Amino acid sequence: MKRLLILGAGTAGTMMANHLHHHLSADEWEIDIIDEETEHYYQPGFLFLPFDIYEPEDIVKPIRQFIPAGVNLIQESIDRIVPAEQYVLMQGGDRLRYDILIVATGAKIAPEEVPGMLGEEWKNSIFDFYTFEGALALRNKLREWEGGKLVVHITEMPIKCPVAPLEFAFLADSFFKNKHMRDRVDITFVTPLSGAFTKPKATAALEHLLEEKHIHIESDFAIEQVDAENKTIIDYGGRTVPFDLLVTVPTNKGDAVIERSGMGDDLNFVPTNKATLQSKDWPNIFVLGDATNIAASKAGSVAHFEAEILTENILRFMDGQPLKEEFDGHANCFVETGNGKALLIDFNYTHEPVEGTFPFPGVGPLRLLKESRINHMGKLAFRWIYWNMLLKGTHIPFVSATMQEAGKDFD
Amino acid sequence: MSERIIAGAPVNVNEEGFMTDFRQWNQTIGTELAREADLTLSPRHWQVIEYLQTEYRNEVPLSIRKIGKSGVVDIKEFYQLFPNAPLKTAAKIAGIPKPASCI
């Protein structure tokens, strides 16, 4: 009996368990998935929780519910991976030998990376919304906040869901308008990038929206420290931005288990072949989702497209066939823009987001890089798709793992 | 993408002014690109530029964090040498692509 071991039962790991369980013979392969947590969070919901759009119960379900019967779920903590000897050492001392290892350990916020961020003001006037606890604490704060300077801030790239901070700023604009207190709130978007987003056409569209909503942007801001006492963030060049309420996206890092295993880069992300998703150092280790160092967005859609391609590659690897160099960096993200609208972006390693129609070229019904209500409905409908189709590995009709060029207005 | 003349030599640049062919770069062009950014290059500047070029040749993705840990320059000094957006400015002068610091 051979063993396939999956580390992490988040979006990526759960999808892989479902895909592979479907393909592998139970007589030949044992599949185990390890996660120390018991709950699975619908992470896109962390954006909506602070604004009372979603309730906690909308975005939390037991991990076990999504692991197929026949796959062993091990709810214990991992000490480290020992790739040279092909086993995973558990914190309890057990050694789990593997034939193939899938690393899906994700990314976490690391607010301790910026001096002054963690301290008395953390969850008092400084919040994150990339954790369930952070988003919930921020919801409680926003319910009673009376206004002032709201600063929405990105510490450094890469981060999960690079558009989420912008969406937060857009939704905050709507939220305060609906509470009839927009005139008492000053919103500033602070980013280490040179503009609202990383790709030129999407940046132009998004900066237009920022202007329309009277959200100021401070770009090229590389934070050095938070001066919590004086409620100011300071960058290396000495630039300061004052805040009454700081909503920050701290540095994102790969899991500490990667560091303990000596398998990561300086941010604990695992060096991974960007087209095959095989580890660059160990042929029988594969990596997907937020845990990789590849230059694709750290987003659920990316993990979903990767999972379809990686499943095929693992089956090929088991058969001794060459891997397919198929992953193209495809990402597909709804961007909430407030007031019941959203825009949609679809892009990959080489093609930036442009205008067009999706998923049917020339038809839509979704519009790329343009605000619309139907895009917003798509974003809300996606929660159902996530829980009922995506995690279970059901193919989403008409949406291919690699990006399609038809229906897009390239120059 | 377009071609422009820098320090008497034709050079391919993108719409943001970053050189697209590092082989066309030389120190005279670097000096001229620095002048366009209102900078006069000191030996410290050159050390940083050479470091960036070495990393680029080795296909190491560049970020402010990595430069801070490089031992060549700390982030504070990097900002003093290339004010405002140091990585972007230094990359432009060094003739290498704008660091993609991601997505």
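Guide: Before we start, accessible areas here come from the Shrake-Rupley method with a 1.4 Å probe, and for residues only the protein chains shown count as cover.

Visitor: Okay, so what's the accessible surface of chain A?

Guide: About 16,300 Å², and 48% of that belongs to carbon and sulfur atoms. Keep in mind that this is a predicted model, where local features need pLDDT of at least 70, side-chain atom pairs count only at pLDDT 80 or more, and totals for chains, interfaces and linings use all residues, while side-chain values use heavy atoms, with hydrogens and water left out. Residues are numbered from 1 along each chain as its sequence is written, and chains are lettered from A and ligands numbered from 1 in the order in which they are written.

Visitor: How many helices and strands?

Guide: Chain A has eight helices and 24 strands. Those are DSSP runs numbered from the N terminus: H or I over at least four residues for helices, E over at least two for strands.

Visitor: Why call chain A compact?

Guide: Its radius of gyration is 21 Å, close to the 22 Å that the globule rule gives for 411 residues, so chain A is as compact as a globular protein of that length. The radius is taken over C-alpha atoms, and the rule is 2.2 Å times the number of residues to the power 0.38.

Visitor: What percentage of the residues is buried?

Guide: 59% of the 411. Buried means under 20% relative accessible area, exposed over 50% and partly exposed in between (1.4 Å probe, protein chains only).

Visitor: Switching to β7, which way do its residues point?

Guide: In β7 of chain A (residues 87–90), A:Y87 and A:L89 point one way, A:V88 and A:M90 the other, and all are buried.

Visitor: What's in the turns?

Guide: The β6(A)–β7(A) hairpin has four residues between its strands, and A:Q86 in that turn has a positive phi of about 55 degrees. The β7(A)–β8(A) hairpin has four too, with A:G93 at a positive phi of about 105 degrees.

Visitor: Last one: is A:S372 buried or exposed?

Guide: A:S372 is buried, with a relative accessible area of 13%. A:S372 lies in the loop between β24 (364–368) and α8 (373–390) of chain A. Leaving aside neighbours within four places in sequence, A:S372 is in contact (heavy atoms within 4.5 Å) with A:G340, A:K341 and A:A342.

Methods. Two strands pair if DSSP finds at least two bridges between them.
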